[in-house]
Amino acid sequence: MVLTPLPDPRTGPDGSAVVRVLSYNVRSLRDDTAALARVIRACAPDLVLVQEAPRFFRWRKAAARLARDSGLVVLGGGAPAAGPLLLCSLRVAVERTEDVLLPLTPGLHRRGLATAVVRIGGARLGVLSCHLSLQREERVAQAGMVLERLGAMGVEHAVAGGDLNDVPTGKAFTHLAGRLQDCRAAAPWGGELTFPPDKPRKRIDAVFATQGIEVLGCGVPAGLPGVTDTDLRAATDHLPVLAALRVPAGHTAAPRPGRPGGYTTAPRPGSP
């Protein structure tokens, strides 16, 4: 299957930006990392919202290697965010980043959020990667925290994506989709189901966008030139979700240091 063309990244005369956003659970790079890098490269993303990035021994080197092999740089996240990681192309200018640890429920896995505010062309965009809990009540609470964090970023436009561990009819998924655009539902493109990769049965990975962003297409990029079924099955235990978005031009405001939670200043992309 060959997919219909997805718009290429570009900046419009009015400063608006067509942006490609990829969400991908990489299972701590335990599978075929060469196949994973080939899939990411073929998707030509501006932003990659990673889940289950390495969090322990030499995690920075692992993240840097994934970025390098994918033709990208590290933006933020990783161990300080309990697994979510952000990668970006050199098209992206970083305004600030923040790694957020969510409340820990005893006996359950620690979760977190990797967030950033970036500029692409004349567009200013909040970015968030998440990996929600396997436990239903905690997952629903974390979906609310994702929305709260997006609202606290001080941006008009934002994109969020991740492994939700929930299907579109689930309470956490519907909570997010009630406030944000579910990009796959807004502009279906490519495949729909994301897990497991060999015989997918569920859509538990998604990309969301705030109102005002135009969704040009979103789905699993199986059939995209350069993306093979063999690589998709070998790369990790989830299928990726690729979205093309048109983000309006906006003001490039400076960080507001007094905001609750305090934003940290990002290092140069790709630095340790």
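Predicted model: local features only at pLDDT ≥ 70, side-chain atom pairs only at ≥ 80, totals over all residues.

Mentor: Take cysteine 88. The closest cysteine sulfur to its own belongs to cysteine 43, and at 16 Å that is too far for a bond. Cysteine 88 counts as buried because its relative accessibility is 1%, under the 20% cut-off. Cysteine 218 is in no disulfide either. Its nearest cysteine sulfur, in cysteine 183, is 5.1 Å away, and a disulfide needs the two sulfur atoms within 2.5 Å. Cysteine 218 is also buried, with a relative accessible area of 0%.

Now the helices. Two packed helices are described by the angle between their axes and the distance between the axes. Here the pair is H3, residues 136-151, and H4, residues 171-179. Their axes come within 8 Å and cross at roughly 15°. That angle is under 35 degrees, so H3 is roughly parallel to H4. The crossing of the two is right-handed.

Next, the residues in the contact. H3 supplies Arg136, Arg139, Val140, Ala143, Gly144, Val146 and Leu147. From H4 come Lys171, Ala172, His175, Leu176 and Arg179. Sorted by class, the contact of H3 with H4 holds 6 nonpolar, 2 polar and 4 charged residues. Gly144 of H3 is in that contact, and Gly counts as polar in this sorting.

Key: Residues numbered from 1 in each chain as written. Heavy atoms only, no water. Buried < 20%, exposed > 50% of the residue type's maximum accessible area, 1.4 Å probe, protein only. Axes fitted to C-alpha atoms, helices over the stretch in contact; angles between N-to-C directions. Helix = DSSP H or I, 4+ residues; strand = E, 2+ residues; numbered from the N terminus. Parallel < 35°, antiparallel > 145°, perpendicular 65-115°, else oblique. Left-handed = near helix turned anticlockwise from the far one by under 90°. Contact = heavy atoms within 4.5 Å.
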